[in-house]
Amino acid sequence: MTIADVLESRLSLSGKTAVVTGAASGIGLATAKLLGQLGAQTVFLDRDADGLSSAISECSNQTAPTLGFEIDLADAKAIEQCFARIVDQCGGIDILVNSAAMNVAGASVDYDLETWQRVIDVNLTALFLACRLSARSMIERNVGGSIINVASVGGLSAGITGRANANPSYRATKGGVVNLTRALAIEWAAQGIRVNAVAPGYVRTPMINRLTSDPAREAATIEKIPLGRLTEPDEIGWVIAFLAGEGASMVTGQIIPVDGGLMA
Ligand SMILES: NC(=O)c1ccc[n+]([C@@H]2O[C@H](COP(=O)([O-])OP(=O)(O)OC[C@H]3O[C@@H](n4cnc5c(N)ncnc54)[C@H](O)[C@@H]3O)[C@@H](O)[C@H]2O)c1
């Protein structure tokens, strides 16, 4: 067997349909591009219409088709309609990556309840709906599948970011993503659906602009990371791509930190 044969059997996603939420930016964009390069027909979902169209045009030279749908994931009805259209147009869903999320910091004693609810809707309820709509398509076709949720080291440890960074809704939803991932992995194991999560540390995307736009804060953050630098989005994408493919065929219910050693 050549290297190409081994890679083809373990990493290739040809013939698969992958749906990626939050695909207009950061980790979702890097992951959607990579899944397309590995041969999957890739469906980009995001509420950012401009970001979505530039992401799709960047990927227009890939062999497998690329589709995009503009959607606000806070809208449960819109999620159901969107996934029905995807199943109709693509014939089914084999891989789901839930990357979209919002992050609104604030002290718990004053935290605005409407914001709290929106963060729960986007970071947790939308992720749950996307998981079960994808699982229905996998179960109906009896083909199994792979779901990868993007959690956070903040879902595994509240202490890691220090006491100056109050963010109750983000921490609560990311902790929820961690345990929901485990629960769904057990529930759907009999149907051959693997459910895993990655837990990124600090990744250079617009989500941490507030941190990277302040050189002193960025340097203090890097000082805490054993590998001594921020993560690039495609370094998360590669771990997700591995989890999506046959190379990870016995991995389910796991939360994999990709954080340069923060959680070690
Ligand atoms: N960047 C980091 O340091 C970091 C660390 C830990 C975890 N994460 C997680 O990684 C994931 C991706 O974040 P990122 O860093 O790529 O951020 P990002 O801001 O670059 O991308 C997030 C994307 O989600 C989309 N989105 C947000 N709310 C939406 C909604 N209601 N409907 C549809 N789309 C919506 C945004 O438009 C954006 O394109 C998130 O789940 C985030 O919590 C990021």
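Guide: Let's start with a term: a helix here is a DSSP run (H or I) of at least four residues, a strand is a DSSP run (E) of at least two, and both are numbered from the N terminus. This is a predicted model.

Visitor: How many helices and strands does the protein have?

Guide: There are nine helices and seven strands.

Visitor: What radius of gyration would a compact globule of 264 residues have, and what does the protein have?

Guide: The expectation for a compact globule with 264 residues is near 18 Å; the protein has 18 Å, so the two agree. Along its principal axes, the C-alpha trace spans about 50 × 45 × 40 Å.

Visitor: How many bridges join E4 to E5, and how many pair E1 with E4?

Guide: E4 is joined to E5 by four bridges, and the two run parallel; Val 97 stands opposite Ile 148 in E5. E1 and E4 also pair in the parallel sense, over four bridges, and Thr 21 has Asn 98 in E4 as its bridge partner. Further along, six bridges link strand E5 (residues 145-150) to strand E6 (residues 193-200), with Asn 149 opposite Ala 197 in E6.

Visitor: Which residues of E4 are buried on its two faces?

Guide: For burial, count the other C-beta atoms within 10 Å of a residue's own: 20 or more is buried, 12 or fewer is exposed. In E4, Ile 95 and Val 97 on one side and Leu 96 and Asn 98 on the other are all buried, and both faces are covered. Over the protein, 41% of the 264 residues count as buried.

Visitor: Let me try single residues. Is Thr 17 buried or exposed?

Guide: Thr 17 lies in strand E1. It counts as buried because it has 26 C-beta neighbours inside 10 Å. Setting aside neighbours within four places in sequence, Thr 17 is in contact with Ala 40, Gln 41, Val 43, Cys 90, Gly 92, Ile 93 and Asp 94.

Visitor: And is Asp 50 buried or exposed?

Guide: Asp 50 is in helix H3 (residues 49-58). With 10 C-beta neighbours inside 10 Å, Asp 50 counts as exposed. The C-alpha atoms of Asp 50 and Thr 17 are 33 residues apart along the chain and separated by 23 Å.

Visitor: What is the phi of Asn 142?

Guide: Asn 142 has a positive phi of about 55°, although it is not a glycine. Asn 142 sits in the loop between helix H5 (113-141) and E5, and it is exposed, with 8 other C-beta atoms within 10 Å.

Visitor: Where is Pro 226, and which residues does Pro 226 touch?

Guide: Look in the loop between helix H8 (215-224) and helix H9 (233-244). Pro 226 touches Gly 260, Gly 261 and Ala 264, not counting residues up to four places away in sequence. Pro 226 counts as exposed, since 11 C-beta neighbours lie inside 10 Å.

Visitor: Last, the ligand. How many residues surround the ligand, and which are closest?

Guide: The ligand is surrounded by 29 residues, and the closest are Gly 22, Ser 25, Gly 26, Ala 101 and Thr 205. By class, the shell has 16 nonpolar, nine polar and four charged residues. H2 gives the largest share of the shell, three residues.

Terms used
Residues are numbered from 1 along each chain as its sequence is written. This is a predicted model: local features need pLDDT of at least 70, side-chain atom pairs count only at pLDDT 80 or more; totals for chains, interfaces and linings use all residues. The radius of gyration is taken over C-alpha atoms; the globule rule is 2.2 Å times the number of residues to the power 0.38. Two strands pair if DSSP finds at least two bridges between them. A residue is near a molecule or strand if its C-beta atom, placed from the backbone, lies within 6 Å of it. Ala, Val, Leu, Ile, Met, Phe, Trp, Tyr, Cys and Pro count as nonpolar, Asp, Glu, Lys and Arg as charged, and the others, Gly among them, as polar. Two residues are in contact if their C-beta atoms, placed from the backbone, lie within 7 Å.
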